[in-house]
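Hi there,

Here is the structure I promised to pass on to you. Have a look at it first, and my notes follow below.

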Amino acid sequence: MIKRKKKEWLIVTFHTTAAAFQMENTAKNIGLTGRLIPVPREISAGCGLAWRDEKDKQEEIKKCLENIEYEKIVLLTI
Amino acid sequence: MIYLDNAATSFPKPSFVKQAVIDAMDNIGSDGRGAHEMTLRASRIVYSTRQNIAKLFNADAMRVCFTLNATMALNTAILGLINANDHVITSVQEHNSVLRPLYKTGADLTFLPIDEKGNVKIDMLGGSLKANTKAVILSHVSNVTGNVIDIKKVGQFCKEHNLYFIVDAAQSAGVFDIDMKEMNISVLCFTGHKGLLGVQGTGGLCVAENVDINPLVVGGSGVHSFSKTHPDEYPTRLEAGTLNAHGLAGLNASVKWLNENGLASLREKETSLARLFYNELCNLPQIKIYGDVLAENHGAIVSINIADEDAGIVSDALYEDFGICTRAGAHCAPLIHKAFGTENQGMVRFSFSHQNTEREVIKTIQAIKQLVAE
């Protein structure tokens, strides 16, 4: 284990890298402060990108995802 | 030097394209393979290119898939959609990048013929239909004659008969306006380094909704590493391995510029040069010109022959004696040469761009006149 402070985050995963960047673009446009991170192993083994944001941003995130093909949204402490 | 080989690749590349490629080499990592800033920058460029391409062709950005060139895009579309028991309607003006993948499928093929001016007889589409017809595959602009096919009309036909419509836009992307939705195009295959003004090694295919292409290449996708199959979702579905993000940075810059500038003024400039060339040549003795150059829509390509002289000899003389770059031979389109009876002679192809000048065209005409007089 590395020494890093954990926190509960809202995590969104995608089927493609392109969809992750569709998310980044949309999120930036509405002023969200989250960012793309490597997919945490608790969600999916392998590789890929996920959107990490504050857990109270659920509504804004769902609005962002209206026209984006995403895999799932989960709350995760990482 | 006078460069009249723009149908092979556009030259010179705009300075903003060169700068975008250099900037990318200075600043980016690999697309979609991590979450640090270097890799994110690469993915942002790739994503932005999808958006700009989608805007240019009225396509869905998430279904813009990048390949190395139009040939790879056409192979992907044809081999991923057509089976041996299908029937496909295509034409004699097609390039080998359409013909060879089609032959490889083993499908039953109907070739629409051309008229004496080289125009594909699209009015024969209806009579070519069979119970198992699956697709119509045509090049928008012939790389030999520059003739343009009315793809909106063909798209309407495909819609009425529930056929896939695959368009080879190698010569038309960045020159003629293409609207995938309005023209009912199922798959639009393009290259980045001709009319789109980008660098070689870029191209792609835009795929319409409900068109499920079986991938030609599978492998690294940046997602779902433990799955034994490549992801089904577009655009990753048709993209395996690291993309040419440096090249795409250049393509992004040029397509953005084309979107802002519009295609009409560029097209009018190159068309007027092709017409000037044609009008000066058409009355000269011994000159044979192929194609419908004065048609309302025509790509800036004029192919000619001088009497029975080998096209390669003429092209070489133009280069060696006058510094004029043209393309000789069969231009990878064997069936159109059979139709024109030029299999042995070939043709000398002059392909203009908006970057050429009237002065260059006039010098070229004078060179040809000199060759004929000799």
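Let me begin with a question: where in chain B is Ala307(B) placed? Ala307(B) sits in a loop of chain B, the one between strand 10 and helix 9. Before you read on, please keep in mind that this is a predicted model.

His224(B) is another non-glycine residue with a positive phi, here near 50°. You will find His224(B) in the loop of chain B that lies between strand 8 and helix 7. With a relative accessibility of 23%, His224(B) is therefore classed as partly exposed.

Pro235(B) lies between strand 8 (203-207) and helix 7 (245-261) of chain B, and the bond joining Tyr234(B) to Pro235(B) is cis, with omega about 0°. A further cis bond runs from Phe11(B) to Pro12(B), where omega is near -5°. Pro12(B) belongs to the loop between strand 1 (2-3) and helix 1 (15-27) of chain B.

Phe11(B) turns up again on the surface. Together with Met1(B) and Tyr319(B), Phe11(B) forms a nonpolar patch, and the three have about 370 Å² of accessible area together. Tyr319(B) comes from helix 9 (residues 311-322) of chain B. Its relative accessibility is 47%, so Tyr319(B) counts as partly exposed.

Helix 9 leads us to a sheet in chain B. This helix lies across strand 10 (301-306), strand 12 and strand 13 of chain B, and runs at about 45° to strand 13. The sheet itself is open, with four strands in the order 9-10-13-12 and antiparallel pairing. Its edges are strand 9 (287-290) and strand 12 (327-329) of chain B, each of which pairs on one side only. From one strand to the next, the twist averages 30°. Strand 12 and strand 13 (residues 347-351) of chain B run antiparallel and are joined by three bridges. If you want a residue pair to look at, Gly329(B) has Met347(B) in strand 13 as its bridge partner.

Now to chain A, which has an open sheet of four strands too; the order there is 2-3-1-4, and the pairing is antiparallel. Strand 2 (35-38) and strand 4 (70-77) of chain A are the edge strands, pairing on one side only. The twist in this sheet averages 35° from one strand to the next. Four bridges link strand 2 of chain A with strand 3 (residues 49-54) of chain A, and these two strands run antiparallel. Within strand 3 of chain A, Leu49(A) is the bridge partner of Pro38(A). A helix packs on this sheet as well: helix 1 (residues 17-29) of chain A touches strand 1 (8-14), strand 2 and strand 3 of chain A. The direction of helix 1 makes about 25° with that of strand 3 of chain A.

That is what I have for now. Happy browsing, and do write back with any thoughts!

Best wishes

Conventions:
Residues numbered from 1 in each chain as written. Chains lettered and ligands numbered in written order. Predicted model: local features only at pLDDT ≥ 70, side-chain atom pairs only at ≥ 80, totals over all residues. Heavy atoms only, no water. Pairing = 2+ DSSP bridges. Axes fitted to C-alpha atoms, helices over the stretch in contact; angles between N-to-C directions. Contact = heavy atoms within 4.5 Å. Patch = residues over 30% accessible without salt bridge, like charges linked within 9 Å, V, L, I, M, F, W, Y side chains within 5 Å. Areas by Shrake-Rupley, 256 points an atom, 1.4 Å probe, with all protein chains shown as cover. Salt bridge = Lys/Arg side-chain N within 4 Å of Asp/Glu carboxyl O. Buried < 20%, exposed > 50% of the residue type's maximum accessible area, 1.4 Å probe, protein only.
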